[in-house]
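Hi,

Here's the structure I promised to pass on.

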Amino acid sequence: MADREKILRYFKASGDEQLAAKLLDLAEGANKSRKFRISEFLDPHAYNVAEIVAANFDNVKIEADGGFANAERVKVAFVAENFYGQPDFGMSFFLAAWDKRYYDLSHRDILGAFMGTGCKREALGDIVFVPEGAQFVVEKTLVNYLSGNLTQIGAAPVTLTEIPREELLQKEEKVKVINATVSDLRLDAVAAAGYGVSRSRMAEEIKSLNVKVNWQEAKKAAQPVKEGDVLSFRGRGRVEVAEIRGTTKKGRISITLKRYI
């Protein structure tokens with residue numbers, strides 16, 4: 001049996017103790033029932049926590065599913081090794097359609113409307129834009145509630161249709177490659193280069209908790225970043241630190257960033 005207290009102490013320093021406790025409850029439940037337990041939708045950082053939790057159990061493995069083939073947000077199934085069935089992830093799939101001639105909606109608009117119905121963020125998976133509007137994945141228990149309550153996104157009237165999983169489209173992301181030089185690898189400097197704003201503005205955004213590093217709230221503007229880190233700025237998408245190329249003759253650091261629009 002996993003040492004619960006030891007695992008929680010491990011996650012306390014990073015502020016993930018509460019998340020780890022919820023995931024531990026699921027892993028322990030799967031172990032005792034010899035079946036499976038399903039999490040809410042997790043971002044990539046929370047998924048990493050789930051992997052570490054599962055690794056502490058000899059008889060529990062994890063499986064993940066987010067509906068879309070390349071989903072970022074997924075539900076995790078903690079599955080007892082002697083369970084031979086298929087875990088039910090409890091997901092449903094929707095198409096939200098609106099008149100694109102008159103309304104231009106963003107990911108933030110859809111997320112805001114979803115949470116405006118009283119649903120929590122953890123009940124929603126990825127949102128993918130398609131020609132008719134947007135497809136998204138939700139907790140199955142919300143189907144009837146959303147059908148009656150999500151009728152408008154921003155100023156746009158929307159038609160919500162439940163669709164089969166087979167109709168989900170591949171998530172396509174536009175990537176802008178940015179080659180830049182920075183004075184140092186502090187978060188405020190690198191993020192400012194990635195999002196095209198001043199370093200002082202970025203420092204303020206970090207202070208206001210609008211910036212995350214690897215899906216965790218940034219601690220401070222001076223926080224160092226490294227190759228492979230993923231930065232996110234509320235409402236402005238993600239930036240990946242793709243490559244740190246070296247130092248220029250003037251002593252600046254040359255970097256390549258990928259901004260996902």
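First, a term: helices (H or I, at least four residues) and strands (E, at least two) are DSSP runs, numbered from the N terminus. With that in hand, α4 is followed by G118, whose phi is positive, near 100 degrees.

Some housekeeping: this is a predicted model, where local features need pLDDT of at least 70, side-chain atom pairs count only at pLDDT 80 or more, and totals for chains, interfaces and linings use all residues. Residues are numbered from 1 along each chain as its sequence is written, and side-chain values use heavy atoms, leaving out hydrogens and water.

Back to α4, residues 107–116: I110, L111, A113 and F114 are buried there (buried is under 20% relative accessible area, exposed over 50%, partly exposed in between, with a 1.4 Å probe and protein chains only). These four sit on the same side of α4 because they cover an arc of only 165 degrees around the axis, the arc being that of the directions from the helix axis to the C-beta atoms. Exposed R108 and G116 are on the face turned away from the buried side. The buried residues pack against β5, β6, α5 and β7 (contact means heavy atoms within 4.5 Å).

Then there's the sheet: 6 strands make an open, antiparallel one, in the order β10-β15-β14-β13-β11-β12. Strands count as paired if DSSP finds at least two bridges between them. β10 and β12 are the edge strands, each pairing on one side only. β13 and β14 pair over 3 bridges, with L231 opposite V239 in β14.

Cheers
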